[in-house]
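The report that follows is meant to be read beside the sequence and the coordinates. Please keep both open while going through the sections.

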Amino acid sequence: MASGLGLGGDVEQALEGVGVPSYVLDTAGFVRWINAAAERLLGDVRGRHITAVVAPEDSRRARELFARKVLGTAAATDAPGVLLSTSGERVPVEISAVPLKNGERVVGVFGLLEERPGGRLAAPHPHLTPRQAEVLRFLEQGRSTKQIAAELHLSTETVRNHIRRLFQALGVNSRLEAVAAARDTTPR
């Protein structure tokens, strides 16, 4: 079986001109390449580690998804996330990523970003832990406890505990109240 595209074209040069924000991370998690569209969205984040580009409440999950691709346990991942631009703006995105391979060896991760409707986000509620902010984001998307547990690779009981603590931190009694309270008290 032949490897590569076999067309003799320069894929990196072609991706540079694509209007979809694209990036490459090395196996240590550093941004090694972004195209012009990604730079317009996030600023020049080349050389920064994934943990510096991803919002704190998404950091743990981003590291887990990245590790799965580098270790070869996930062929591809599609996930919502919040990234931080070089100016500190919070950018909600959908991230589609795949491992980059040289033969059978993973040498990095290639990904595409799609800015989510709703534009830039304010910082999460100041009284929430990163995990609580992450769970709140899933509640805002209408996800069930079971869906959140599957997404975060946690037990449903652990997610229920996170939701209970989230309610306590916000002083609310329901998911709807939690979403409303977070929106009302988060500075815009």
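Which side chain meets that of Glu-157 in a salt bridge of 3.3 Å, N to O? The partner is Arg-160, where a salt bridge stands for a side-chain nitrogen of Lys or Arg within 4 Å of a carboxyl oxygen of Asp or Glu.

## Basis of the model

This is a predicted model, in which local features need pLDDT of at least 70 and side-chain atom pairs count only at pLDDT 80 or more, while totals for chains, interfaces and linings use all residues. Residues are numbered from 1 along each chain as its sequence is written, and side-chain values use heavy atoms, with hydrogens and water left out.

## Overall architecture

The protein has eight helices and five strands, which follow one another from the N terminus in the order α-β-β-α-α-α-β-β-β-α-α-α-α. Helices (H or I, at least four residues) and strands (E, at least two) are DSSP runs, numbered from the N terminus.

Of the 188 residues, 41% count as buried; here buried means under 20% relative accessible area, exposed means over 50%, and partly exposed lies in between, with a 1.4 Å probe and protein chains only. The protein exposes about 10300 Å², of which carbon and sulfur atoms supply 54%; such areas come from the Shrake-Rupley method with a 1.4 Å probe, and for residues only the protein chains shown count as cover. Among contacts with a separation of 6 or more, 50% come from residues 24 or more positions apart, a contact being heavy atoms within 4.5 Å.

Strand S1 (22–26) is largely enclosed by the rest of the structure, because five of its five residues are buried. Ser-22, Val-24 and Asp-26 point one way from S1, whereas Tyr-23 and Leu-25 point the other way.

S1 runs antiparallel to strand S5 (residues 105–115), to which five bridges join it, and Ser-22 stands opposite Leu-112 in S5. S1 also runs antiparallel to strand S2 (residues 31–34), through three bridges, with Ile-34 in S2 as the bridge partner of Tyr-23; strands count as paired if DSSP finds at least two bridges between them. The hairpin of S1 and S2 has four residues between the strands, and Gly-29 takes a positive phi near 95 degrees there.

## Nonpolar cores

The largest nonpolar core has 19 residues, and those with the most contacts inside it are Leu-25, Leu-42, Leu-83 and Leu-113. Two or more residues of this core are given by each of S1, S2, helix H2 (36–42), helix H3 (50–53), helix H4 (56–71), strand S4 (90–102) and S5. Apart from it lies another core, of 18 residues, including Leu-128, Val-135, Leu-139 and Val-179. A nonpolar core is a set of buried Ala, Val, Leu, Ile, Met, Phe, Trp, Tyr and Cys residues joined through side-chain atoms within 4.5 Å.

Leaving aside neighbours within four places in sequence, Leu-25 is in contact with Phe-30, Val-31, Arg-32, Ile-50, Phe-66, Gly-108 and Val-109. In soluble globular proteins, nonpolar side chains tend to be buried together.

## A nonpolar surface patch

Val-18, Val-20 and Leu-112 form a nonpolar patch on the surface, with about 190 Å² of accessible area together. Patches are made of residues with over 30% relative accessible area and no salt bridge, like charges being joined within 9 Å and nonpolar side chains (Val, Leu, Ile, Met, Phe, Trp, Tyr) within 5 Å. Val-20 lies in the loop between helix H1 (11–16) and strand S1, and with a relative accessible area of 37% Val-20 is partly exposed.

## Salt bridges

A search of the whole structure finds nine salt bridges. Glu-157 and Arg-160 are three residues apart in helix H7, so about one helical turn separates them. Glu-157 also meets Arg-164 in a salt bridge (3.5 Å, N to O). Glu-157 is partly exposed at 38%, as are Arg-160 at 37% and Arg-164 at 42% relative accessibility.

Glu-39, Asp-44 and Arg-46 are linked in a network of salt bridges, in which the side chains of Asp-44 and Arg-46 meet at 2.7 Å, N to O. Asp-44 counts as partly exposed at 40% relative accessibility, and Arg-46 is partly exposed at 36%.

Most residues other than glycine have a negative phi. His-153, in the loop between helix H6 (145–152) and helix H7 (156–170), has a positive phi of about 60 degrees although it is not a glycine. His-153 counts as exposed, at 51% relative accessibility.
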